[in-house]
Amino acid sequence: MVRSALGFAAAALLAACATLTDSPIRSGGFELSGRVAVRYAKEALSGRIFWRHSDDAEELLITSPLGQGLARVTRARGGFLLVAGDGKEYRAADAESLTDQVLGWRLPLAGLADWVQGRPSPGRPFETLGDTGSELRQDGWLVAYEEFRDGRPLRLRLTREDLEIRLIVDQWKN
């Protein structure tokens, strides 16, 4: 299991430069690229994120700052697959348990597709916080919107227990 920064470094050394597949964005979807920083327990990592989301499928790639693949998470037909930088494959029914098992921290992919668009996930309880509604609490996560551009969140900070994920969106495509 890749569970620490050392594991990420080793995976980065073993992995070739990775990119998303060239499939088109399906209806109801988006594509974004940006930067991510994760702090969990006493570990930390930073890198780039490339994400293609649609109602039918998901493809998310996390790379080192130099562009070497650390993890690729895909969703299709109700399940998730994570391919680590060393090429090992892991499967689970949900992204949070899969990333927790393999990476050592939970990626809230179920809510993140809505949260990066500045809204709560439909059909689940949520609470709006902050004087301007700049924070959202849902599914045990606190989502803080730190900056917007063109009506979309540019900088987000997600926290839960001893985990903090910071996301800066550099580019959007619909």
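**Entry 1**

I began with Leu82. Setting aside residues up to four places away in sequence, I found that Leu82 touches Ala71, Arg72, Val73, Lys88, Glu89, Tyr90, Leu98, Thr99, Val102 and Leu103. I note here that the model is a predicted one.

Next I looked up the largest nonpolar core. It has 39 residues. Which of them touch the most other members? I listed Trp51, Leu82, Trp105, Leu109 and Val116.

**Entry 2: Glu58**

I then turned to Glu58. I placed it in strand S3, which spans residues 58-63. Is Glu58 buried or exposed? It counts as buried, because its relative accessibility is 6% and the cut-off for buried is under 20%.

What does the side chain of Glu58 make a polar contact with? I found the side chain of Trp51, at 2.6 Å.

Leaving out neighbours within four places in sequence, they are Trp51, Arg52, His53, Val73, Thr74, Arg75 and Leu109. Val73 had already come up as a residue touched by Leu82.

**Entry 3: the cavity**

How many cavities of 30 Å³ or more does the structure hold? I found one. The largest cavity holds about 60 Å³ of space.

I wrote down its lining: Val36, Ile49, Ile62, Trp105, Leu107, Pro108, Leu112, Leu158, Ile165 and Leu167. I sorted these residues by class. The lining has 10 nonpolar residues, no polar ones and no charged ones.

**Entry 4: positive phi**

Last, I checked two residues with positive phi that are not glycine, starting with Ala41. Its phi is near 50 degrees. I found Ala41 in the loop between strand S1 (30-40) and strand S2 (43-53). Ala41 is exposed, because its relative accessible area is 56% and exposed means over 50%.

Asp139 came next. Its phi is positive, about 55 degrees, and it is not a glycine. I placed Asp139 in the loop between strand S8 (135-138) and strand S9 (141-149). Where does Asp139 stand on accessibility? At 34% relative accessibility, I logged Asp139 as partly exposed, because that class runs between the 20% and 50% limits.

Note on methods
Residues are numbered from 1 along each chain as its sequence is written. This is a predicted model: local features need pLDDT of at least 70, side-chain atom pairs count only at pLDDT 80 or more; totals for chains, interfaces and linings use all residues. Side-chain values use heavy atoms; hydrogens and water are left out. A nonpolar core is a set of buried Ala, Val, Leu, Ile, Met, Phe, Trp, Tyr and Cys residues joined through side-chain atoms within 4.5 Å. Buried means under 20% relative accessible area, exposed over 50%, partly exposed in between (1.4 Å probe, protein chains only). Contact means heavy atoms within 4.5 Å. Helices (H or I, at least four residues) and strands (E, at least two) are DSSP runs, numbered from the N terminus. A polar contact is a pair of N or O atoms within 3.5 Å; within protein, one must be able to donate a hydrogen and the other to accept it, and residues adjacent in sequence count only if both atoms are side-chain atoms. On a 1 Å grid over the protein atoms alone, a cavity is a set of points where a 1.4 Å probe fits but cannot get out, and a pocket is an open set with protein on both sides within 12 Å along at least five of seven lines; lining residues have an atom within 4 Å of a point. Grid points are joined across faces, edges and corners, and a volume is the space filled by probe spheres set on the points. Ala, Val, Leu, Ile, Met, Phe, Trp, Tyr, Cys and Pro count as nonpolar, Asp, Glu, Lys and Arg as charged, and the others, Gly among them, as polar.
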